[in-house]
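Hi,

Here is the structure I promised to pass on. Have a look at it first, and then read on for what turned up.

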Amino acid sequence: MLTIYRLSTKLKKHSFDLCTKLSKLVTLRETHVSRVMHQATTNGHLGSDEANQGNKYGDYVKFLELVGNLKHIKRTGWVLRNVKDCETISGHMYRMGMMSFLLDGSQGLDRVHVMELALVHDLAESIVGDITPYCGISREEKLLREFSAMSEIAELLGPSKEKLLELFNEYEEGKTAEAKFVKDLDRLDMVMQAFEYEKRDNCPLKHQEFFDSTKGKFSHPLVINIVNEINAQREKFAEANVDGTTHNSSPSREAATSGGSR
């Protein structure tokens with residue numbers, strides 16, 4: 001009985017500590033958003049117009065530099081798996097943005113809004129890097145770092161800062177139809193990339209864990225159909241490889257290789 005009592009006490013304390021962390025996270029997030037929005041309305045009254053203009057363009061250059069960081073930061077999941085010449089964060093975000101063109105209007109989704117969410121969803125990684133569950137950082141700490149980074153980035157955008165934060169918050173909350181669709185695109189790009197590496201490196205089914213981690217998590221019919229097609233092609237590639245009919249000069253292999261070297 002004493003052991004059960006101690007275990008119950010520990011569980012209650014753990015639950016309390018987790019709630020406290022989440023409460024701090026929400027408070028910090030609201031503080032960041034409030035501070036940025038407040039400064040958006042007051043910065044115009046500080047200093048001369050000429051000085052403000054100079055600061056504005058300096059901020060824009062800094063913003064572009066941060067976005068440029070994403071061209072050179074490789075995605076952590078592939079690095080941890082020792083995938084050679086793996087994609088960068090910007091490559092991942094760009095293809096997600098291009099996926100918005102798969103929408104033909106019949107899905108009831110705002111294509112431009114989907115593109116905006118895709119381009120913003122990993123922007124914080126230009127400062128904090130690509131943090132994965134294997135990095136030894138808690139989910140709460142990851143969110144704290146990313147919200148802080150987005151606040152810093154938004155400060156550089158003048159009138160557009162509120163829009164940037166709204167897009168990031170919308171994606172993280174995952175409640176709107178567009179945000180849910182973009183989360184599907186995030187996972188879709190990952191399994192597509194895994195398949196491309198299997199073809200490029202002639203290692204069928206090697207990256208199965210990336211498919212397993214997304215199984216049952218896709219929700220939009222369009223994305224589900226595309227994933228089913230990827231799986232079908234992947235099975236054929238594996239079967240052909242076993243039969244010895246896979247050719248290293250296949251168009252899909254060449255396309256994946258050239259895409260990774262750009």
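Which residues in α9 meet which residues in α11? On the α9 side they are F181, D184, L185, L188, V191, M192, F195, E198 and K199. Their partners in α11 are L222, V223, I226, V227, I230, Q233, R234 and F237. By class, this contact of α9 with α11 has twelve nonpolar, one polar and four charged residues.

Please keep in mind that this is a predicted model. As for the geometry of the pair, α9 and α11 (residues 221–242) pack at an angle of about 10°, and their axes are 10 Å apart. Because the angle is under 35 degrees, α9 counts as roughly parallel to α11.

α9 also turns up in the largest pocket, where five lining residues, the largest share, come from this helix. The pocket holds about 1000 Å³ of space. Its lining has 33 residues, with I131, P133, K183, D186 and M190 nearest the centre. Two or more residues each come from α3 (76–80), α7 (139–154), α8 (161–173), α9 (177–200) and α10 (208–212). Sorted by class, the lining residues are 15 charged, ten nonpolar and eight polar.

A word on confidence before you dig in. The chain averages a pLDDT of 83, and 72% of the residues score at least 70. Residues 1–16 have pLDDT below 50, and this stretch has zero contacts in the model beyond near neighbours in sequence. Over residues 246–262 pLDDT also stays under 50, but there the model has 17 contacts beyond four places in sequence.

Best wishes

Conventions. Residues numbered from 1 in each chain as written. Predicted model: local features only at pLDDT ≥ 70, side-chain atom pairs only at ≥ 80, totals over all residues. Heavy atoms only, no water. 1 Å grid on protein atoms, 1.4 Å probe; cavity = no way out; pocket = protein on both sides within 12 Å on 5 of 7 lines; lining within 4 Å. Points joined across faces, edges and corners; volume = space filled by probe spheres on them. Helix = DSSP H or I, 4+ residues; strand = E, 2+ residues; numbered from the N terminus. Nonpolar A, V, L, I, M, F, W, Y, C, P; charged D, E, K, R; others polar. Axes fitted to C-alpha atoms, helices over the stretch in contact; angles between N-to-C directions. Parallel < 35°, antiparallel > 145°, perpendicular 65-115°, else oblique. Contact = heavy atoms within 4.5 Å. pLDDT = per-residue confidence, 0-100.
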